Amino acid sequence: MNRKPGSNPLNGLLFSKTDSNYSYSKHVSLFYIGFGSILSQILLVREFLVNFYGNELSIGIIFACWLVWVGLGSAFGNSIIKHNKNLFRLFLVIIAITPAITFVQILAVKFVRAFIHTTTGEFLSMLDLLGFSFVVLSAGCFLWGLLFTLGAKSLTLEKDELWFGVNKAYILESLGSVIGGLLFSFVFASLFLTLQIVFLIVIIAWCVVLRIAISEKKWLMTFYLVGMTIVFVALLQPIRLLEHKINGYQWSFINNKLTFVRSIDTKYQNLSLLCLENQHTIYADGRPAYNIPNTYDAELFTHSIMIHQTDAKRVLVLGGGFNGVIKEVLKYPVHDVKYVEIDPALLPFVEPVANIQNQQALHDSRVHIVYMDGRELLRRKMPSFDVIVMNVGEPSTASLNRFYTVEFFRQCYQSLNDNGIFAFSFPSSTEYLADELKDLNVSIYQTFKYVFTNTLIIPGTHAVLIGTKSTKPLVSQPDSLAQRFTTTRISAEYFTKYMFEELMPPDQIKFITNTLEAAKSIRINTDNNPVTYYFDLLLWNKFLQGNNQFFSYITSFWIFVAGSVGSGLILLLILLHLRQPKKQKQITLAAIITVCGMTGMALNLLFLINFQEAFGSIYEMVGAMIAANMLGLALGTLVASQLIGKYKQKTLLFAVLITIISVVLLLPKLLDFLLFIRLIPITLFVTLLSGGLIGMLFGLVNRFHLHNSSNVGSIYAFDVFGSSIGALTTCSLLLPVLGIQETGIFLALILSPAVIGIGLMSKTY
């Protein structure tokens with residue numbers, strides 16, 4: 001039975017005064033829900049990345065837990081609407097308290113290591129991350145989901161208009177997310193600290209609540225806004241001091257021997273400086289990145305490489321040169337040393353604690369510091385280098401993995417002169433390679449050999465791999481290298497000619513070379529098939545958990561078996577209800593929105609990783625990428641709302657699904673194009689179009705669903721549950737195990753039951 005105008009329970013309880021004023025207030029509240037939730041999400045993702053030494057798996061797990069709780073909150077909202085008559089106060093209270101919970105969540109993440117008793121520098125297992133994320137994100141995310149359902153209901157006047165109200169709520173929430181994401185990337189990230197942004201979200205929430213409560217008293221609202229602005233500005237500095245103290249307490253709980261000095265959020269990472277006696281340590285995104293001073297390791301690394309090109313004139317150092325590498329390189333007869341760091345804030349942050357010799361090296365007239373992505377620099381035409389030294393860290397994330405791919409090694413090869421060498425280090429062992437370490441080493445070595453056929457590996461806990469364009473074999477005899485080092489007349493604090501015998505015993509070189517050459521299972525690491533960071537992840541998980549038995553069963557074959565079984569069960573469920581059109585429609589719509597939610601999230605994450613591969617970091621621009629996706633969702637839902645009534649809904653739904661399947665099958669070409677064109681606006685535009693397809697699908701499915709149902713949050717709940725599955729599996733399983741091409745095929749496979757289900761739906765739609 002259709003309700004008469006005004007019969008909606010929210011009409012008299014939630015918005016009972018001047019309709020135009022309260023209509024505006026409702027729109028503002030939905031907009032704020034998107035704005036506040038996206039800022040909370042971005043801040044929490046960054047905190048998790050820092051405190052869990054995060055990689056793309058961390059992002060996937062966090063998004064998955066976030067979406068599960070949002071979905072539960074949205075679904076629970078249906079029950080609240082049916083059984084709670086005083087929705088006015090409930091809605092206002094939840095808006096007021098939800099952003100404040102973000103502050104508690106951030107504190108919980110900051111002090112996680114104190115809770116689970118892990119020390120500085122120790123990685124946390126995937127199981128720890130999953131469990132802690134699920135608990136910490138529960139309350140806040142549940143309330144954000146609940147707010148969406150209550151807000152969507154508030155925009156509905158009649159039952160026949162439920163679909164329109166939900167679509168409008170989806171659009172407004174998405175637009176709020178767009179503005180929040182853009183403001184974060186281009187304004188908030190550079191102006192405010194984390195807790196200052198949280199305080200801003202709280203202030204805005206209270207303004208929204210007051211706007212709803214006193215909408216007819218504009219003078220009071222103006223007074224309140226001015227007062228809250230003054231309070232916000234006045235408390236900025238105290239909040240800055242509070243955050244500094246909290247960070248200090250955080251590190252003292254982890255290790256009370258460490259003295260916290262300072263930390264900053266840059267465009268590319270979080271940097272923290274800590275001190276232990278006379279030793280300083282730089283933590284990048286929570287991971288120990290550099291020890292200052294670290295003369296021994298710098299000398300060992302640099303001279304074991306430069307000894308193979310003692311007459312080098314032009315040298316390129318990619319990352320980590322400030323802590324001794326540049327100083328040691330300058331001991332050779334070089335004329336030009338290009339030192340590349342992607343983050344312009346790094347050197348000013350660390351230089352004050354570097355020793356005088358390293359400071360002088362950085363300011364030497366032969367050294368030219370370039371703040372740029374290393375891959376971007378190598379794309380530019382310039383004179384060839386005699387030596388390229390890479391010191392960016394192990395491939396623990398997709399962002400770092402891009403320096404261990406065939407494409408990057410080929411760039412280095414093409415940038416060397418005819419006798420030039422390229423070298424880097426990676427985690428290894430001098431004697432025994434366990435399965436996970438062997439997989440990592442084989443992937444790095446074989447990928448390198450794919451480009452550099454003439455190579456030399458120097459064993460160690462961090463092995464050094466050297467490749468050259470020359471056809472002459474690299475010298476590996478310790479005596480010859482010792483003689484060559486003596487000839488250079490270079491003096492070092494720790495490194496002497498006798499160390500070559502210790503570094504390069506022939507039997508160890510032969511053992512590790514034969515082991516890596518004889519490997520049968522080889523996974524070449526490429527930009528679109530980034531497997532090396534996955535092996536690095538498994539190595540750390542084995543170290544923490546003791547085994548990776550579960551992951552040993554995850555192969556391309558079994559992933560496709562699981563996808564086929566899941567798709568078959570969905571299709572069977574649809575076929576079993578052919579004689580129950582209403583039930584069949586509900587199952588089909590739930591299946592469509594779930595698998596498309598998963599696909600949409602998978603596309604979003606793949607575009608995020610592609611952005612990292614193209615531009616070096618997503619740390620600051622994550623807000624802009626999420627904003628582009630959310631704007632696409634809003635525009636797609638708006639387009640769907642406009643098309644409904646002009647064309648058959650079933651035809652529209654079928655067309656959108658076929659388009660999505662075409663996109664996932666063309667993913668390799670699309671991502672290759674984005675890597676080739678390397679324009680941020682183009683990447684954002686493609687992300688927007690992808691979100692637009694999912695938004696159109698949501699709008700159409702929502703119209704179908706609410707034709708005979710009053711559960712306004714159900715489709716949204718299925719959407720976020722599907723998205724949570726996509727978030728959990730894309731970075732951790734699909735991309736590293738299947739690669740881009742097979743991931744596209746897998747996504748097309750799980751979408752197929754949805755297409756068949758639409759074809760079997762009643763022709764009356």
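Over which residues does pLDDT stay under 50? That stretch is residues 1–19, for which the model still has 36 contacts beyond four places in sequence. Here pLDDT is the predictor's confidence in each residue, from 0 to 100, and a contact means heavy atoms within 4.5 Å. Where pLDDT is low, the predicted coordinates should not be read in detail.

This is a predicted model, in which local features need pLDDT of at least 70 and side-chain atom pairs count only at pLDDT 80 or more, while totals for chains, interfaces and linings use all residues. Residues are numbered from 1 along each chain as its sequence is written, and side-chain values use heavy atoms, with hydrogens and water left out.

**The chain overall**

- Mean pLDDT for the protein chain is 84, with 88% of its residues at 70 or more.
- The protein chain has 30 helices and 11 strands, taken as DSSP runs (H or I, at least four residues, for helices; E, at least two, for strands) and numbered from the N terminus.
- Of its 765 residues, 60% count as buried; buried means under 20% relative accessible area, exposed over 50%, and partly exposed in between (1.4 Å probe, protein chains only).
- Looking at contacts in the protein chain with a separation of 6 or more, 78% come from residues 24 or more positions apart.

**Nonpolar cores**

- The largest nonpolar core has 189 residues, and Phe48, Phe408, Phe409, Phe422, Phe424, Ile592 and Leu657 have the most contacts inside it. Helix H30 (residues 714–760) gives the most to this core, at 19 residues.
- Another core lies apart from it, with 50 residues, including Leu273, Leu300, Ile421 and Ile458.
- For the record, a nonpolar core is a set of buried Ala, Val, Leu, Ile, Met, Phe, Trp, Tyr and Cys residues joined through side-chain atoms within 4.5 Å.
- Setting aside residues up to four places away in sequence, Phe422 touches Ile388, Met390, Phe408, Phe409, Cys412, Leu416, Phe448, Phe452, Leu465, Ile466 and Gly467.

- Trp66 sits in helix H3 (residues 56–83) and counts as buried because its relative accessibility is 6%.
- Beyond its neighbours within four places in sequence, Trp66 is in contact with Ser37, Ser40, Gln41, Leu44, Leu137, Cys141 and Trp144.
- Not counting residues up to four places away in sequence, Glu173 touches Leu30, Ile33, Gly34, Phe148 and Tyr716.

**Salt bridges**

- Side chains of opposite charge can pair when their charged atoms come close. A salt bridge here is a side-chain nitrogen of Lys or Arg within 4 Å of a carboxyl oxygen of Asp or Glu, and the count comes to 13.
- Arg402 and Asp373 form one of them, with their closest N and O atoms 2.8 Å apart. This pair links distant parts of the chain, 29 residues apart: Arg402 is in the loop between helix H16 (398–401) and helix H17 (406–414), and Asp373 is in the loop between strand S7 (367–371) and helix H15 (374–379). Both Arg402 and Asp373 are buried.
- Glu517 and Lys449 also meet in a salt bridge (3.6 Å, N to O), which joins helix H21 (residues 506–517) to helix H18 (residues 435–451) across 68 residues. Glu517 is partly exposed at 39% relative accessible area, and Lys449 is partly exposed at 21%.
- Salt bridges that share partners join Glu376, Arg379, Arg380 and Arg678 into one network.
- Within helix H15, Glu376 and Arg379 are three residues apart, about one turn of the helix, and their side chains meet in a salt bridge (3.7 Å, N to O). Glu376 is buried, at 16% relative accessible area, whereas Arg379 is partly exposed, at 32%.

**A nonpolar surface patch**

- Val565, Leu569, Leu572 and Leu576 form a nonpolar patch on the surface, with about 390 Å² of accessible area together.
- Patches are made of residues with over 30% relative accessible area and no salt bridge; like charges are joined within 9 Å, and nonpolar side chains (Val, Leu, Ile, Met, Phe, Trp, Tyr) within 5 Å.
- Leu569 belongs to helix H24 (residues 556–576) and counts as exposed because its relative accessibility is 54%.

Methods
Accessible areas come from the Shrake-Rupley method with a 1.4 Å probe; for residues, only the protein chains shown count as cover.
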